[in-house]
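Colleague: Could you take a close look at one part of this model for me, the sheet and what packs around it? I would enjoy a connected walk through it.

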Amino acid sequence: MSQPIKSIRNSITGHEFKFLRTAQDSGGEILEMEVTYPINSKRPPMHYHPSQREHFQVLSGEMTVLIDGRIRTLKPGDNLDVPPNQRHAMWNDGERPTVMRWTVTPALHTEQLFETLAALANTGQTNKDGTPNLLQASRTMLHFSKEFRLSKPPFIVQQLVFRLLSPIARLLGYRAVHAQG
């Protein structure tokens, strides 16, 4: 008997995730999702994934991508492969929602990262853009540093700041991972 598809929604960013195949389903090999980006979604910070490859296929709508220093617009049927360590950002700059098939290999703990960010947003623990405060970010970014890294400041600076703040955040009750409720 197949399990129902798990879905989460980030109430601040408006992103909706349908997890089609998870790390648990694939022995850690792949995370496959269908993600809906709302109309005029906010441009995220440039980031990269140190050991993961991403593949995107636009199913409907359009996706704006900043990669290799240039902006591209992906349309339905377009595909994009992002290798490990490739800095990029993606957002919907269009007038209708965008739906994409998104795969991440290996899966690592990317599903839990999205769940954590959505749970923080859905419980009022982020700012109006969906970003947690610096103490929460220190816990979460350290925990998920194999899955996600900001392009700036340099990673060594991020690690230094987050490692200094994380013990304080832990003492104040901040947790690295939050489950979707």
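**The sheet and its surroundings**

Modeller: Happy to! Six strands form an open sheet in the order β1-β2-β3-β10-β5-β8, and their pairing is antiparallel. The edges are taken by β1 (6-9) and β8 (79-82), each of which has a single partner strand, so one side of each is left without a neighbour in the sheet. On average, neighbouring strands here are turned by 20° against each other, direction ignored. Please keep in mind that this is a predicted model.

Helix α2 (residues 110-122) lies across β1, β2 (16-21), β3 (31-37) and β10 (98-105), and runs at about 40° to β1.

There is another strand pairing to look at, between β6 (residues 63-67) and β9: these two run antiparallel and are joined by four bridges. In this pairing, V65 stands opposite M90 in β9. Strand β9 (residues 88-91) is covered on both faces, with H88 and M90 buried on one side and A89 and W91 buried on the other.

Further along the chain come two helices that pack together. In general, two packed helices are described by the angle between their axes and the distance between the axes. For α3 (residues 134-143) and α4 (residues 155-171), the axes come within 8 Å and cross at roughly 110°. That makes α3 roughly perpendicular to α4. Their crossing is left-handed. On the α3 side, the contact involves L134, L135, S138, R139, M141 and L142, while α4 brings residues including Q158, F162, L165 and I168. Sorted by class, this contact has eight nonpolar, four polar and three charged residues.

Leaving aside residues up to four places away in sequence, L150 touches P45, M46, H47, Y48, M141 and Q158. Of these, M141 belongs to α3 and Q158 to α4, and both take part in the helix contact described above. L150 is partly exposed, because its relative accessible area is 21%, and the cut-off for buried is under 20%. As for G28, it sits 122 residues away from L150 along the chain, and their C-alpha atoms are separated by 23 Å.

How values were computed. Residues numbered from 1 in each chain as written. Predicted model: local features only at pLDDT ≥ 70, side-chain atom pairs only at ≥ 80, totals over all residues. Heavy atoms only, no water. Buried < 20%, exposed > 50% of the residue type's maximum accessible area, 1.4 Å probe, protein only. Contact = heavy atoms within 4.5 Å. Pairing = 2+ DSSP bridges. Axes fitted to C-alpha atoms, helices over the stretch in contact; angles between N-to-C directions. Parallel < 35°, antiparallel > 145°, perpendicular 65-115°, else oblique. Left-handed = near helix turned anticlockwise from the far one by under 90°. Nonpolar A, V, L, I, M, F, W, Y, C, P; charged D, E, K, R; others polar.
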